[in-house]
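User: I'm new to this one. Can you put it up and take me through it?

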Amino acid sequence: MTETPRRPDREAVRVDLVKTACVRPGRIEDAARMGAVFVETYRAAHRGQVPDDLIECRTPEQSARGWERALRELAATTDPDWCIYVAQDEREQVVGIAVGRLARPPHDGADANDVRDGRSPDHPTTPDPLGDGEVNLLYVQPAHQGRGHGRHLVHAVARFLAARGVQRLVIGVLAINAPARGFYERIGGRLIGYRPYEEDGHVMEEAVYAWDLDRLLDTVSVQ
Ligand SMILES: CC(C)(COP(=O)(O)OP(=O)(O)OC[C@H]1O[C@@H](n2cnc3c(N)ncnc32)[C@H](O)[C@@H]1OP(=O)(O)O)[C@@H](O)C(=O)NCCC(=O)NCCS
């Protein structure tokens, strides 16, 4: 009689995947791979969410050059107020990217300082530029999604910001990006409002989620 192969226990597989998820600061030599991951993921996630020219104008090579510039700048900065983390798979291949930074002062762009309360758009809620930090970018390659990389990347940025005295993490996500919003809600994000988001002359709407950093990092320590 042939023995039925044992099916792996789903929870054990999940724990194993979470254990192998590894997040570390980005390095200059990651730039080419980051360009490829970013463009593949951007196109897969945002086609139909953003105008087509924003999808078509991106190439892995151009993106890699941008990552290389950013990584060089970061490496040359003492005590930076921003960070780049990558997630790698079990073969140490980069499969995810996160960028975070302390909130900019109110005069410097729209970022965290332009949040509008969803119910009263004429009354901006003004986050404290000293108390807030943001995840500005978060992308996990489609074939590697659902394995804990996104959560680990958010936690890495959260730890970076908490070490600099930040109390609240905010993340803006295209309002139309329902899957990513589902992810942010799943990891405890609270919707605090909406704000305009501009990319290459196209103005879109972002939903903004917030986390109390102490509470977010408490949930990490009990995982
Ligand atoms: C959004 C994204 C970063 C999430 O990363 P990920 O590695 O797939 O997510 P994780 O595996 O870490 O998921 C963490 C938890 O969220 C849940 N989750 C993931 N996607 C979800 C979704 N669409 N809806 C609801 N829950 C979701 C997971 O099931 C998991 O739950 P659990 O471990 O508590 O059971 C990733 O899917 C991605 O890169 N998407 C495309 C790009 C994008 O839209 N980025 C955001 C731009 S702001």
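User: In which sense do β6 and β7 pair?
Analyst: β6 and β7 pair in the parallel sense, over 4 bridges. Two strands count as paired if DSSP finds at least two bridges between them. Across this pair, E134 stands opposite V170 in β7. Strands here are DSSP runs of E with at least two residues, helices are runs of H or I with at least four, and both are numbered from the N terminus.

User: Where do these coordinates come from, and how are residues numbered?
Analyst: This is a predicted model: local features need pLDDT of at least 70, side-chain atom pairs count only at pLDDT 80 or more, and totals for chains, interfaces and linings use all residues. Residues are numbered from 1 along each chain as its sequence is written.

User: Back to β7. How many of its residues are buried?
Analyst: 6 of the 7 residues of β7 (residues 168–174) are buried, so the strand is largely enclosed by the rest of the structure. Buried means 20 or more other C-beta atoms within 10 Å of the residue's own, exposed means 12 or fewer, and partly exposed is in between, with C-beta atoms placed from the backbone.

User: And the chain as a whole?
Analyst: The chain has 7 helices and 9 strands. Buried residues make up 36% of its 223 residues.

User: Which residues touch the most other members of the largest nonpolar core?
Analyst: M34, Y85, A98, L153, V157 and L169 do, in a core of 45 residues. Such a core is a set of buried Ala, Val, Leu, Ile, Met, Phe, Trp, Tyr and Cys residues joined through C-beta atoms within 7 Å. The largest share of this core, 7 residues, comes from α5.

User: Is α5 itself covered or open?
Analyst: α5 is mostly covered, with 12 of its 14 residues buried. Among the buried ones are H149, L153, V157 and F160. At 1.5 Å a residue, α5 should span 20 Å, and its end C-alpha atoms are 20 Å apart, which agrees. The expected span is 1.5 Å times one less than the number of residues.

User: What is Y85 in contact with?
Analyst: Leaving aside neighbours within four places in sequence, Y85 is in contact with V23, R24, P25, G26, A98, L153, A156 and V157. Contact means that the C-beta atoms, placed from the backbone, lie within 7 Å.

User: New topic. Which residues come nearest to the ligand?
Analyst: Of the 20 residues around the ligand, A45, Q145, G150, R151 and G182 come nearest. The elements that give two or more residues to this shell are α2 (31–46), β6 (132–140), α5 (149–162) and α6 (178–186). α6 gives the most, with 5 residues.

User: What about β8 and β9?
Analyst: β8 (residues 190–199) and β9 (residues 202–212) pair in the antiparallel sense over 9 bridges. Y194 stands opposite A207 in β9. The two strands form a hairpin with 2 residues between them, and D200 in the turn has a positive phi of about 45 degrees.

Definitions and conventions: Near = placed C-beta within 6 Å. Contact = placed C-beta atoms within 7 Å.
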